[in-house]
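Work through the exercises below with the model open. Try each task before reading its solution.

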Amino acid sequence: MKPMEIAKGIYWLGVIDWNIRDFHGYSTYEGSTYNSFLIMDEKITLIDAVKKEFADELIANISQIVDPKKIDYVISNHTEMDHSGGLPRVMHKIGEDKPLYCSKMGQKNLASHFPQKWNYQPVENGGELSLGNRTLTFLETRMLHWPDSMFSYVKEDRLLFSSDAFGQHYAGLERFDDQIGDAIMPHARKYFANILLLYSPLILKLVDKVTEMGLPIDMICPDHGILWRKDPSKIINAYVEWSNQKPKRKALVIYDTMWHSTGTMGEVIVDALGEEGVDARLMHLRNWHRSDIMTEVLDAGAIIVGSPTLNNGLFPTVSDFLTYMKGLKPLNKVGAAFGSFGWSGEAAKLVTKELEEMKFDIIDPGVRVQYVPDDKGLDACRELAAKIAQALPAE
Ligand code: FEO
């Protein structure tokens with residue numbers, strides 16, 4: 001796709017990854033984008049690179065605006081390879097000796113990825129760099145979401161290059177929020193739930209800090225997806241809401257099953273929750289991608305996980321999902337387990353242990369049924385649903 005001028009003298013040079021469907025375990029059904037930007041000032045400045053396999057496309061995009069050798073400065077806001085993988089080829093083209101600005105951790109992390117002895121210029125939080133008619137201000141955003149992450153702000157254009165924050169994995173011809181409207185929000189939400197959720201407390205602190213600083217922002221330019229120019233506050237407000245993780249009267253029944261006994265239990269639990277006025281969803285782990293389930297976990301008040309016992313342990317898909325969810329540290333959840341077993345029956349106990357470790361409010365020791373649920377077993381499932389409904393906020 002051709003470069004696009006997004007503000008006077010500032011260009012989007014990004015590339016569109018139409019075909020990616022798995023981004024390190026996150027399902028990207030609609031592809032992704034890797035955004036890169038060029039500021040044409042007295043000092044011509046490139047902000048962020050792209051994935052390695054798109055480096056030549058980025059160089060071709062730069063060449064449509066300016067000879068790459070004329071670039072004076074390179075900024076790396078984040079080291080992860082979807083933004084730095086293309087740097088070796090790009091730096092080779094621009095000039096290996098050109099100043100490369102990044103955070104101190106950025107220098108350390110880039111040096112751990114690439115053997116080249118680039119001309120690193122580590123910057124401090126709040127540090128400034130004059131480009132001539134514009135000034136870049138660097139804001140460290142450590143652990144949002146890597147130790148090296150930072151934002152770059154152009155005060156003259158009131159424009160924030162926000163790295164991964166406020167991004168979305170989405171491939172499309174639209175470049176701005178006003179071109180796509182609310183259709184982008186599910187992508188932004190999924191991105192938050194799967195990449196940033198564990199940093200919710202840090203995000204709230206960062207928003208407070210930026211609000212205190214009173215930085216006027218006319219446009220937010222993340223490194224993935226569309227740019228927010230019509231209403232940048234919309235995505236900031238959404239981040240505040242998502243970071244607060246206020247639970248809704250919503251429950252997810254997430255399960256796998258071998259001979260449909262655990263599945264039957266899940267169906268009964270969901271039906272009973274529905275009768276209690278709970279927005280309940282049954283999610284079979286072999287039909288739902290873990291990253292889509294996590295998106296629903298974001299505002300759910302209850303997470304009920306069902307697993308059959310297989311070889312004295314959890315069913316593998318359940319282990320996979322619990323590991324994934326645990327790493328993302330969701331807050332404010334009620335939790336419970338259920339599952340069928342043949343002779344040993346450890347699974348429900350193991351699920352409960354995992355949910356406890358996630359600091360979920362465990363409201364029941366877990367419903368266990370041997371082989372096939374009978375009326376008594378199904379009644380226990382209904383009782384579990386009633387306890388969950390009682391524990392959820394009224395809405
Ligand atoms: Fe888009 Fe953390 O990389």
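## Exercise 1: A salt bridge between helices

Asp 56 and Arg 89 form a salt bridge, with their closest N and O atoms 2.6 Å apart. The model is a predicted one.

**Task.** Find which helices hold Asp 56 and Arg 89, and say what the pair ties together.

**Solution.** 
1. Check the distance. A salt bridge needs the side-chain nitrogen within 4 Å of the carboxyl oxygen, and here the closest N and O atoms are 2.6 Å apart.
2. Locate both residues. Asp 56 lies in helix α1 (residues 55-65), and Arg 89 lies in helix α3 (residues 87-94), so the pair ties together parts that are 33 residues apart in sequence.

## Exercise 2: Two domains

**Task.** State where domain 1 and domain 2 run, and how far apart their C-alpha centres lie.

**Solution.** 
1. Read the bounds. The domain assignment gives residues 4-244 to domain 1 and 251-388 to domain 2.
2. Take the distance: the C-alpha centres of the two domains lie 38 Å apart.
3. Over residues 251-389 the chain is 45% helix and 23% strand. Its end C-alpha atoms are 9 Å apart.

## Exercise 3: Where the domains meet

**Task.** Describe the contact between domain 1 and domain 2: how many residues are in contact on each side, and how much area is buried?

**Solution.** 
1. Count the residues. 14 residues of domain 1 are in contact with 14 residues of domain 2.
2. Give the area. The two domains bury about 1300 Å² between them, and 54% of it is on carbon and sulfur atoms.
3. Name the main contributors in domain 1. Arg 189, Asn 194 and Leu 197 lose the most area to domain 2, together 40% of what that side buries.
4. Count the polar links. Two salt bridges and nine residue pairs in polar contact are counted between the domains.
5. Arg 189 pairs with Asp 299, with the closest N and O atoms 3.3 Å apart.
6. Find the elements. On the side of domain 1 that touches domain 2, β5 (26-27), α6 (185-196) and α8 (232-244) each give two or more residues. α6 gives the most, with six residues.
7. Sort that side by residue type: eight nonpolar, four polar and two charged.

Methods:
Residues are numbered from 1 along each chain as its sequence is written. This is a predicted model: local features need pLDDT of at least 70, side-chain atom pairs count only at pLDDT 80 or more; totals for chains, interfaces and linings use all residues. Side-chain values use heavy atoms; hydrogens and water are left out. Helices (H or I, at least four residues) and strands (E, at least two) are DSSP runs, numbered from the N terminus. Domain bounds come from an automatic or database domain assignment. Contact means heavy atoms within 4.5 Å. Buried area is the accessible area (1.4 Å probe) that two parts lose on being put together, summed over both. A polar contact is a pair of N or O atoms within 3.5 Å; within protein, one must be able to donate a hydrogen and the other to accept it, and residues adjacent in sequence count only if both atoms are side-chain atoms. Ala, Val, Leu, Ile, Met, Phe, Trp, Tyr, Cys and Pro count as nonpolar, Asp, Glu, Lys and Arg as charged, and the others, Gly among them, as polar.
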